[in-house]
Amino acid sequence: MIRISTTAACLSALIAFSAPAALAADILIKDAKSQPESLAAAPDGTLIVGSASTPYVYKIKPGSTTPEVFIDASAEGPGTFFFGQLVDGGTVWSCMLTPVAGVTPTQRHTALIGSDLKTGKRMLRWDLPGANSTCNDFTVGPDKALYISDTGNAKIYRLAPGAQSAELWLEHRNLTGIDGLTFLNGVMYINSVFFNNLYRVPVDAAGKPGTPVQIWMDAPVKGPDGMRAVGNMLLHAENGAGKVDSLTINGDTAHVTVLKDGLNQPTGVEPAGNMIWIAERGAGKAVSIPMPK
């Protein structure tokens, strides 16, 4: 199901959203209760959208308005769901979370899943260490490694190119509540969904991380969640304020510009050509807006 924010005469341009497009759109991800938490776009316009309320990751092919099941994890156990999604070449990285039965307060076993973008075939599974973890999001670094955030344990793991398991890269109290992470101009930035903070992670010549440095944002944010880099700016979703912002970094400060407000719990952002896709979790939609000039 798709709704168009412009006139019906522009429908043909919207359907071809794999090419550069000037239109905004929203796609219902199966139903309003699907809670799309993160999404990713392939170069050809294919969208990958994970559900935080069902054991499915969906694929929306270029020119289609109908989500198809890409990953079915219903055999993993009751309550299994998905957080982060990332397209990395021919691989889709997904964070899969499964509640531990009969445990109070809630605990989850989580895993990094690598799937073939074309076929959906599983290529890798790596279970995060510990009895309770929260695989949340990831980014690919200049070294081509995959960096993975563990929100509940204040950790970042690093999966080296070609490796089958990740290693602990950084654990620090400033990572408490880590959610989104990305590289901007070769520098890693992370946010805390618990404390509404943004940090830069310094790295030495040997590739070892140092103490995360807080970046002061010039406007209040609430619930910074998914984060991506595009051009010379960061994009992030404020799940607690219903906003998507751009962040322009200048040293240890960041200028916040609201790109879209009035959203229902936005949790993920993804630049795609001259559009930005947003996972609007509370509305069950993938929504697009124009990329700022």
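## Confidence

The mean pLDDT of the protein is 91. Of its residues, 92% reach 70 or more. Residues 1–23 have a pLDDT below 50. Beyond near neighbours in sequence, this stretch makes 41 contacts in the model. Where pLDDT is low, the predicted coordinates should not be read in detail.

## Strands around β18

β18 covers residues 213–217. Strand β17, residues 197–201, pairs with β18 through 3 bridges. These two strands run antiparallel. Tyrosine 199 sits opposite glutamine 214 of β18.

## The β7-β8-β9-β10 sheet

An open sheet is built from 4 strands in the order β7-β8-β9-β10, with antiparallel pairing. β7 (81–88) and β10 (122–127) are the edge strands. Each has a single partner strand, so one side of each lacks a neighbour in the sheet. From one strand to the next, the twist averages 20 degrees.

β7 and β8 (residues 91–99) are antiparallel and share 6 bridges. Phenylalanine 81 has leucine 97 in β8 as its bridge partner. Phe81 is also one of the residues touched by serine 51.

## The largest nonpolar core

The largest nonpolar core holds 18 residues. Those with the most contacts inside it are Trp93, Leu112, Trp126, Phe138, Leu146, Ile148 and Leu159. Six strands, β7, β8, β10, β11 (135–140), β12 (146–150) and β13 (155–159), each supply at least two residues of this core.

Which residues does isoleucine 148 contact, leaving aside its neighbours within four places in sequence? The contacts are Leu112, Trp126, Cys135, Asp137, Phe138, Lys155, Ile156, Tyr157, Leu159, Ala166 and Leu181.

## Two buried serines

Serine 51 belongs to strand β4, residues 47–51. Its relative accessibility is 0%, so serine 51 counts as buried. A polar atom of the serine 51 side chain lies 3.2 Å from the backbone nitrogen of serine 53. Not counting residues up to four places away in sequence, serine 51 touches Ser34, Gln35, Pro36, Tyr56, Tyr58, Phe81 and Phe82.

Serine 133 is in the loop between β10 and β11. Is serine 133 buried or exposed? Serine 133 counts as buried, because its relative accessibility is 1% and the cut-off for buried is under 20%. Its side chain makes a polar contact with the side chain of threonine 110, at 2.7 Å. Beyond residues up to four places away in sequence, serine 133 touches Arg108, His109, Thr110, Leu128, Asp150 and Asn153.

## The loop between β12 and β13

Threonine 151 is placed in the loop between β12 and β13. At 7% relative accessibility, threonine 151 counts as buried. Its side chain reaches the backbone oxygen of isoleucine 178 at 2.5 Å. Not counting residues up to four places away in sequence, threonine 151 touches Thr134, Asn136, Gly177, Ile178, Asp179, Val193 and Phe194. Threonine 151 and threonine 104 are 47 residues apart in sequence. In space, their C-alpha atoms are 19 Å apart.

Alanine 154 is also in the loop between β12 and β13. Its phi is near 55 degrees, a positive value in a residue other than glycine. Alanine 154 counts as buried, at 10% relative accessibility.

## Other backbone details

Where does lysine 144 sit? The loop between β11 and β12 holds lysine 144. Lysine 144 is not a glycine, yet its phi is positive, at about 70 degrees. Lysine 144 is exposed, with a relative accessible area of 61%.

The peptide bond from threonine 104 to proline 105 is cis. Its omega is near -5 degrees. Proline 105 falls in the loop between β8 and β9 (108–116).

Definitions and conventions:
Residues numbered from 1 in each chain as written. Predicted model: local features only at pLDDT ≥ 70, side-chain atom pairs only at ≥ 80, totals over all residues. Heavy atoms only, no water. Pairing = 2+ DSSP bridges. Axes fitted to C-alpha atoms, helices over the stretch in contact; angles between N-to-C directions. Buried < 20%, exposed > 50% of the residue type's maximum accessible area, 1.4 Å probe, protein only. Polar contact = N/O pair within 3.5 Å; in protein donor to acceptor, adjacent residues only side chain to side chain. Contact = heavy atoms within 4.5 Å. Core = buried A, V, L, I, M, F, W, Y, C linked by side-chain atoms within 4.5 Å. pLDDT = per-residue confidence, 0-100.
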